[in-house]
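Hi,

Here is the structure I promised to pass on. Have a look at it first, and then read my notes below.

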Amino acid sequence: MEFKTFVFYLLATVMVFAALRVVTVRNPVHAALFLVLTFFNAAGIWLLLQAEFLAIVLVMVYVGAVMVLFLFVVMMLDINIDRLREGFWSYLPVGAVVGVIMLAEMVLVLSGPYFGLDAMPEPPAAQAGYSNTRELGRVLYTEYVYPFELASLVLLVAMVAAVALTLRKRTGSRHLDPAQQIAVKRADRIALVSMPAEKE
Amino acid sequence: MNFVVPDFAPAVTELFVAGMSLVILLLTVFMRESARNIGYVLTQLTLIVAALLTIFTMDGQVRVTLSDMYVDDLMGDVLKILICFSVITALIYGRGYAADRGFDRPEYHLLALFSTLGMMVMVTANHFLSLYIGLEMLSLSLYGLVAFDRDSARSTEAAMKYFILGALASGLLLYGMSMVYGATGNLSLSGVAQAIYNQAAVYDGVSSKTVLMFGLVFIVAGLAFKLGVVPFHMWVPDVYHGAPTSVTLMIGTAPKLAAFAMAMRLLVGGLFDLAEHWQTMLMLMAVGSLVLGNIAAIAQTNLKRMLAYSGISHMGFLLLGLLSGVVEGDRFNALNAYTSSMFYAIAYVVMSLASFGIIILLSRSGFEAENIDDLKGLNKRSSWFAAMMMIIMFSMAGIPFFIGFFAKLSVLQSLVAADMVWLAVLAVMMSLVGAFYYLRVVKVMYFDEPVDTAPIHAASDIRVLLSANCLAIAFLGLLPQQLIDLCQLALVASFQG
């Protein structure tokens, strides 16, 4: 076996194992950590495919940022795992049947002659000094500038929607605004009432 | 590295809307609470100017720009204008409703504007990437809008369902696109069409055709979800019912035009040489939608759910138009078929706007007029709006001399021309079943005693616009030919051959 093939199978096995553990493990923190492992192995496979920029971005963005945030959320929120798993066994038969049928159908299509190595020949090897990152950078801001800018707007929409849905003024909190405290005037606190003097 | 700066002129409408949405976002962030009207006014102004810009730059030419990702053609322009007007109307109807329930914050209007931008991008897309990103922008804004009434458990549940199913559908669509890319090596829709054509001509292309078909199935599934047809309709009743009515109004109208454009771009623009395959898929979905939509609607007591099921059946009708284009490899009927389908989409949007408008008109703060029983005796409370609702219901049922009749008629004509008489018969039978629940609403309005006798509170702008909307249904029913001609002209100019 060629060394590259060996590496591929190693990465793929660990990845499938880790992905399975994500859904079967009991502890949500462990699940998140297994997801990190899955991403890491996927990045390795991308490296094998000579997509080194995407591999590094996957590690930096997903493993470095998204999953760390995810871990924070999982640890901060008190998730009752048993309640989440309530329907697991009752849904399992249906889910398993659907999964097996889908797998069988896709194997039928994908294992035929249509997706073999003959139908999808390997692309020619890149020249020496070819930089994946540079090529991506070159098309990202020229040829693909339209979807790129639109994608930034999509992220903005997500941000606006998230803020609009979660930001609310809490009533009944004891929060004090220092600016308001300093700006207070005498008239706000004391009201002078003139009353007729009372005679005995 | 020779890069030519693309011609931005054809995309001026999208650029304007995108720029204005950012301006509005920044302005409203720094505004006081009291000046929240600014967001609404600016959103409406932006939409009006966008529609005008499109009208003034409209011509019959097809221009492709931004490295093949954007196409400016007559079909896109017509649909963009209609989308703008539909969103403007929806925002006017929904404004009082949103204000009564305290969610007319600037973000609400802003998300509506972003969803319009998403629809425009979809309508003018000539590339899988821009199509998908436009779709995501539309969907994300709508998920946010559905959940906007965040203290209502029902609306949160609806948003959650919509979000999860929508994400699944996007996944299906993307998977299909990646398969088509694998088979053709092209992401641009015209490129895909060319590659499929070449492959069919050069060799018999068995291998890549299977891959193409594999992708096609997933693309059609994703498309069906966005249109809301059986078997991908599960979200429609729950989302229509759960979302605040002003948001239901937005989901049930303009996005249908965008979904129609997406179907045209993907199936007719990109995968036309596979027509015999996708037509069979659409046929199954259309039959399912017509049967399920009409029969399930009978059992509904909630007006919004009833309209949701009726929407499913109407989308089935729209598919009937799309699937009658190519008969055994012959394209003689294609123009007729797609024209009828486009006309149907426009007619449905006009009717749908008016029907949800009536629900909003009858609702007031703390009261949702969403049950059919709430319409009881409407004639005694306001004979004018009872008559308006009657026009809408007659038109949706397909009773002659309203726009809905001519929409159904043109689809049926195209079916008969394509020798699919049994489908036409089925469609007519199901329309008859549908007539039952539309006419029940009319019966309830005119022959039952009112339960709710409160007078109708509504701002005068809603009253005038809603009346105009309903009268348009009647008027376009008398003179449908101009609109049909416009659709035909747009399609001829956009897809020659």
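What volume does the largest pocket have? About 1,900 Å³. Keep in mind that this is a predicted model, so every value here is computed from it.

Let's stay with that pocket for a moment. Its lining is made up of 34 residues, and the ones nearest its centre are Trp46(A), Gln50(A), Ala51(A), Leu54(A) and Asn132(A).

The top contributor is α6(A), which gives seven residues.

Now for the domains. Chain A is assigned domain 1 (1-81) and domain 2 (131-166), and the C-alpha centres of these two domains of chain A are 24 Å apart. Why does the largest pocket lie between them? Because domain 1 (1-81) and domain 2 (131-166) of chain A both give residues to its lining.

Finally, the two chains. The contact draws on 26 residues from chain A and 37 residues from chain B. Together, chain A and chain B bury about 2,900 Å², with 82% of that on carbon and sulfur atoms. As for salt bridges between chain A and chain B, the count is zero.

Cheers

Definitions and conventions: Residues are numbered from 1 along each chain as its sequence is written. Chains are lettered from A and ligands numbered from 1 in the order in which they are written. This is a predicted model: local features need pLDDT of at least 70, side-chain atom pairs count only at pLDDT 80 or more; totals for chains, interfaces and linings use all residues. Side-chain values use heavy atoms; hydrogens and water are left out. On a 1 Å grid over the protein atoms alone, a cavity is a set of points where a 1.4 Å probe fits but cannot get out, and a pocket is an open set with protein on both sides within 12 Å along at least five of seven lines; lining residues have an atom within 4 Å of a point. Grid points are joined across faces, edges and corners, and a volume is the space filled by probe spheres set on the points. Helices (H or I, at least four residues) and strands (E, at least two) are DSSP runs, numbered from the N terminus. Domain bounds come from an automatic or database domain assignment. Contact means heavy atoms within 4.5 Å. Buried area is the accessible area (1.4 Å probe) that two parts lose on being put together, summed over both. A salt bridge is a side-chain nitrogen of Lys or Arg within 4 Å of a carboxyl oxygen of Asp or Glu.
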